[in-house]
Amino acid sequence: MKRAFLIFLVVLIALGTVGCSAKKDQETVGKVLLEDFKSNPDRNVQEIADRIINNEIIPFAGSVMEVEPGFLTGFDNAEITGFKEGAMFSPMIGTIPFVGYIFEVEDDTDVDSFIETLKDHANLRWNICTEAEELTLGKEGNKVFFLMSPMSFKETAE
């Protein structure tokens, strides 16, 4: 009897370990949208942002708007400069912890330094009532993808 219980316990622990490690490899909102960004690097920032906000993973009505260098949503009190064209994509309802940008970096701006600036000033809790779970950044040529979002839009039982 003890032996059967021990075998059952070992199997249970093994399955629990496999289940927990599988969660690490799941597709997050950021990973899916970054891949979408990387699949269309030749489009302008507005077209890329329009495509991303209409991705099937996004369950809300979103909007896209052009942005200029200066104070931008989602960043602490820092002016974001060094880009010649930018588009912000976000939900029409402000309580969802989701905001993203596509930037086309100025010719004389180092793309990796620009990304570090974004990362340094990003505030996952920019939205007073909610907090993003994930910060995703990427680049293709002189275009930069920036996103603060939930890991998933699926409801989970807690």
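The dialogue below takes up the sheet, then the helices, then the cores.

Guide: This is a predicted model, in which local features need pLDDT of at least 70, side-chain atom pairs count only at pLDDT 80 or more, and totals for chains, interfaces and linings use all residues. Residues are numbered from 1 along each chain as its sequence is written, and side-chain values use heavy atoms, leaving out hydrogens and water.

Visitor: In what order do the strands form the open sheet?

Guide: Strands of a sheet pair through backbone hydrogen bonds, either parallel or antiparallel. Here the order is β1-β4-β5-β7-β6, with antiparallel pairing. Strands (E, at least two residues) and helices (H or I, at least four) are DSSP runs numbered from the N terminus; two strands pair if DSSP finds at least two bridges between them. β1 (62-67) and β6 (134-140) are the edge strands, each pairing on one side only. β1 is joined to β4 (residues 83-91) by 6 bridges, and S63 has S90 as its bridge partner in β4.

Visitor: Which strands does helix α2 lie across?

Guide: Helix α2 (residues 29-38) lies across β5 (99-105), β6 and β7 (143-149), at about 15 degrees to β6. Angles run from 0 to 180 degrees between N-to-C directions of axes fitted to C-alpha atoms, for helices over the stretch in contact, where contact means heavy atoms within 4.5 Å. Helix α4 (residues 111-121) lies across β4, β5, β6 and β7, at about 165 degrees to β6.

Visitor: Which residues have the most contacts inside the largest nonpolar core?

Guide: In soluble globular proteins, nonpolar side chains tend to be buried together. Y101 and F103 have the most contacts inside the largest core, which has 19 residues. A nonpolar core is a set of buried Ala, Val, Leu, Ile, Met, Phe, Trp, Tyr and Cys residues joined through side-chain atoms within 4.5 Å; buried means under 20% relative accessible area (1.4 Å probe, protein chains only). β4, β5, α4 and β7 each give two or more residues to this core.

Notes. Buried < 20%, exposed > 50% of the residue type's maximum accessible area, 1.4 Å probe, protein only.
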